[in-house]
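Subject: Structure handover

Hello,

Here is the structure I promised to pass on. Please open it first, then read my notes below.

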Amino acid sequence: MASIFRSGAMGKVLKKCRENCGLSQQQVAAALGIDRSTYTYYELGNTTPSAPVIIRLSRILNVPYSVFMDAFKKEELALSDNIDSDDFKQASEPKQNISVEPIYSLSKDEQAILCYYRAFSNEQKDQLMKLAGEMAVKNMRDDKDASRNRN
């Protein structure tokens, strides 16, 4: 599928959002199911992600899809209207009013789980939550039984 995006501003915004989340390129690539080198090319502007990949990236990085679309639109304006470099630089930065909570305090495994979760469809998220709930109930029962056996 052909990409609808050009790469410059998009790659810069993508990198900034990933760094704001405290994620490595490998973690994001794994959540997308692609090679790290492919993801790296997105950030460098060597290749551009397709629209469906951009949607998944917005979920993984917990930013609105519009962040990437705004970068794309501003880049198109800069290319077509010769907007000065200061305006182009602003186009490559995420909007200030977007809340991106860092997940630095999470372990690498927890970060990976969060990346996968964000990339899931709603149906997959529901299935995962159901499974996690069942596992939590089982753990509580096991802990309760172990406590009784000690007493």
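One term first: contact means heavy atoms within 4.5 Å. Helices here are DSSP runs (H or I, at least four residues), numbered from the N terminus.

This is a predicted model, in which local features need pLDDT of at least 70, side-chain atom pairs count only at pLDDT 80 or more, and totals for chains, interfaces and linings use all residues. Residues are numbered from 1 along each chain as its sequence is written, and side-chain values use heavy atoms, with hydrogens and water left out.

**Helices α2 and α3**

Start with this pair. Q25, Q26, V28, A29 and L32 in α2 meet R36, Y39, T40 and E43 in α3. The two helices pack at an angle of about 110°, and their axes are 8 Å apart. Axes are lines fitted to C-alpha atoms, for helices over the stretch in contact, and angles run from 0 to 180 degrees between N-to-C directions. α2 and α3 are therefore roughly perpendicular (65 to 115 degrees).

**The core**

Next, the largest nonpolar core. Such a core is a set of buried Ala, Val, Leu, Ile, Met, Phe, Trp, Tyr and Cys residues joined through side-chain atoms within 4.5 Å. Buried means under 20% relative accessible area, exposed over 50%, and partly exposed in between (1.4 Å probe, protein chains only).

The largest core has 23 residues, and Y39, I60, L61 and F68 touch the most other members. Two or more residues come from each of α1 (8–20), α2 (25–32), α3 (36–44), α4 (51–60), α5 (65–81) and α7 (108–119). α1 gives the largest share, five residues.

Leaving aside residues up to four places away in sequence, F68 touches M10, V13, L14, I54, L57, S58, L61 and V63.

**Salt bridges**

How many salt bridges does the structure hold? There are two. The term means a side-chain nitrogen of Lys or Arg within 4 Å of a carboxyl oxygen of Asp or Glu.

One joins R18 and E43, at 2.5 Å from N to O. R18 is in helix α1 and E43 in helix α3, so this pair ties together parts 25 residues apart in sequence. R18 is buried, at 8% relative accessibility. E43 is buried as well, with a relative accessible area of 8%.

K138 and D142 form a salt bridge too, with their closest N and O atoms 2.9 Å apart. They sit four residues apart in helix α8 (residues 122–150), about one helical turn. K138 is partly exposed at 48%, and D142 is partly exposed at 35%.

Best wishes

How values were computed: Parallel < 35°, antiparallel > 145°, perpendicular 65-115°, else oblique.
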